[in-house]
Amino acid sequence: MSRILVTGGTGYIGSHTVVCLLEQGYDVVIADNLSNSDLRVLDGIEAITGIRPPFEKTDCLDCEALGRIFDRYSDIEAVIHFAASKAVGESVEKPLLYYRNNIGSLINVIEQMNNHGVKHLVFSSSCTVYGQPDSRHLPVSEAAPRRQATSPYGNTKQINEDIITDVAHSKADFRAVILRYFNPIGAHPSALIGELPNGVPNNLLPFVTQTAIGIRKELKVFGNDYNTPDGSCIRDYIYVMDLARAHVKAVEYMLQGKADEQVSIFNLGTGRGLSVLEIVKKFISVTGANLPYVIAPRREGDIEQVWADPAKANKVLGWKADTPIEDVLTSAWRWEQHLKKIREKKA
Ligand code: WQD
C-alpha cells in the first residue's frame, strides 16, 4: 500500500488524519519537530489503530534532514503538509517567524518531493484566505475572491497557495490538492487524541472546555454587537474527524488519477454557520457543564461571519462533513475530561 509522509503529523489535525490514513490501510511516516505537539500523541494513535507509525523528529526548515526522510522511505507516494505555525494573533506579533516557518517549510517539502520523484501534495490551507467575504459571497465557495489577508498567518497561506500553483506550472506531472479549512473542533470519539493547545487557548472550543472543567475562570465572548442575529460572530465549525477523512479522500483523488486539474482547491466546512453564543448554549445543553461566560469587547482582527459552501468537495471528493454539532461538542468535552484524568494521575 502507498506510504504517505505527514508533516506536522503529531499535531491536532495531523494526528486525526494519521488515524484515518492507517485505518484505510495506508502506510504513514510522520515528520514533526514537536514545537507544538507531544510524542504521547503516538501512544494515542497506536491505542486507536493498533499501529505505531514511524516518527522522524524533524524540522521542515532543515532541508537536508527532510531529504533524508525521503531517502529512508523510498515508498513515499504523497505528502500531506500540515507543519506550520497557525495562531493568528501570534503571527501579528511575530511576522518573521511565521514567514520563515510557513514559507520556508513548504519550499523545502516541495524541493525534496521534486528531488525524490514524489508528485502528489495535499496542502493544509485556510478559509482565512477569503478574509471577510461580502454578503453576496456567503456561503463562500472556491470561486469567491481571495482578499487582502488580515494577518501574517493568513498571508502565508495565500503565498503558499501561489507557490504551489507556480510549481505546478513548472512541472507538468506535479499534482496538488489545496484544502481550505473552516473552523476545526472536537476530538476522536475515543478521547485518546484531541487538541492540545499550548498555554492559554486562542481558539473558542478549547477555551470553552477548559472553562467548563475549571481551568479558566470564565469564557469571554468577544463581542455581541456584530451584524448577526444574536450579535456574536458566525463560523463554520467542522468536526476534526470529518476534516481528517477529507484528507484521505484528497490523497485517493490524486493517487487514483482522478485529479483533472494540476491544482485542485476545496473548501472544507459543513455549509452551516453557527454563532459563538449558539455554540456556548449548545455546549451547555449537551454536556450539562457549568460554563460561566461574559460578553467582552470585540477581538481585533476577527471577521464577522464566514461559512462554507462545501458543494465542490461533496461532489468531487465524495466527502461530506455531517457529524451533528451535538456529537462534536460532546467529543471535545470528553477529551477535556480525559486530559483532567491524566493530570490527576500525575499529581
Ligand atoms: C472563533 C470565534 C472569536 C475565543 C481560526 C483559526 C485559524 C483558521 C480559521 C485554520 C471568533 C470567538 C474565540 C474566545 C471568543 N483556521 N472567540 N472567545 O478566529 O475563526 O480562526 O479558524 O487555519 O487558524 O485560528 O477561530 O476559535 O479563535 O474564534 O468569543 O475565547 O470565537 O471572536 O468569533 P478563528 P477562533
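How do the residues of the shell around the ligand divide into nonpolar, polar and charged?

## Composition of the ligand shell

In this predicted model, the shell around the ligand consists of eleven nonpolar, four polar and five charged residues. In total, 20 residues surround the ligand, and the closest are Tyr-153, Leu-204, Lys-220, Arg-235 and Asp-302.

An N or O atom in the side chain of Tyr-153 is 2.4 Å from an oxygen atom of the ligand. The backbone also takes part: an N or O atom of the Leu-204 backbone lies 2.8 Å from a ligand oxygen, and a polar backbone atom of Asn-202 is 3.4 Å from an oxygen atom of the ligand.

On its own, the ligand has 690 Å² of accessible area, of which the protein covers 91%. Two or more residues of the shell come from helix H7 (204-213) and likewise from strand E8 (219-222). Strand E8 gives the most, with four residues.

## The open sheet

Seven strands form an open sheet in the order E3-E2-E1-E4-E5-E6-E11, with parallel pairing. Strand E3 (55-57) and strand E11 (263-268) are at the edges; each has a single partner strand, so one side of each lacks a neighbour in the sheet. From one strand to the next, the twist averages 20°.

Ile-30 has Phe-55 in E3 as its bridge partner. Helix H3 (residues 63-72) packs on the sheet, where it touches strand E1 (3-7), E2, E3 and strand E4 (76-81). The direction of H3 makes about 145° with that of E4.

## Backbone features in loops

Most residues other than glycine have a negative phi, and most peptide bonds are trans.

The peptide bond that joins Leu-138 and Pro-139 is cis, with omega of about -5°. Pro-139 is located in the loop between strand E5 (120-126) and helix H6 (152-170).

Leu-34, which is not a glycine, has a positive phi of about 60°; this residue lies in the loop between E2 and helix H2 (40-49). Ala-191 also has a positive phi, near 65°, and is found in the loop between strand E7 (183-185) and H7.

Notes:
Residues numbered from 1 in each chain as written. Predicted model: local features only at pLDDT ≥ 70, side-chain atom pairs only at ≥ 80, totals over all residues. Heavy atoms only, no water. Near = heavy atom within 4 Å. Polar contact = N/O pair within 3.5 Å; in protein donor to acceptor, adjacent residues only side chain to side chain. Areas by Shrake-Rupley, 256 points an atom, 1.4 Å probe, with all protein chains shown as cover. Nonpolar A, V, L, I, M, F, W, Y, C, P; charged D, E, K, R; others polar. Pairing = 2+ DSSP bridges. Axes fitted to C-alpha atoms, helices over the stretch in contact; angles between N-to-C directions. Contact = heavy atoms within 4.5 Å.
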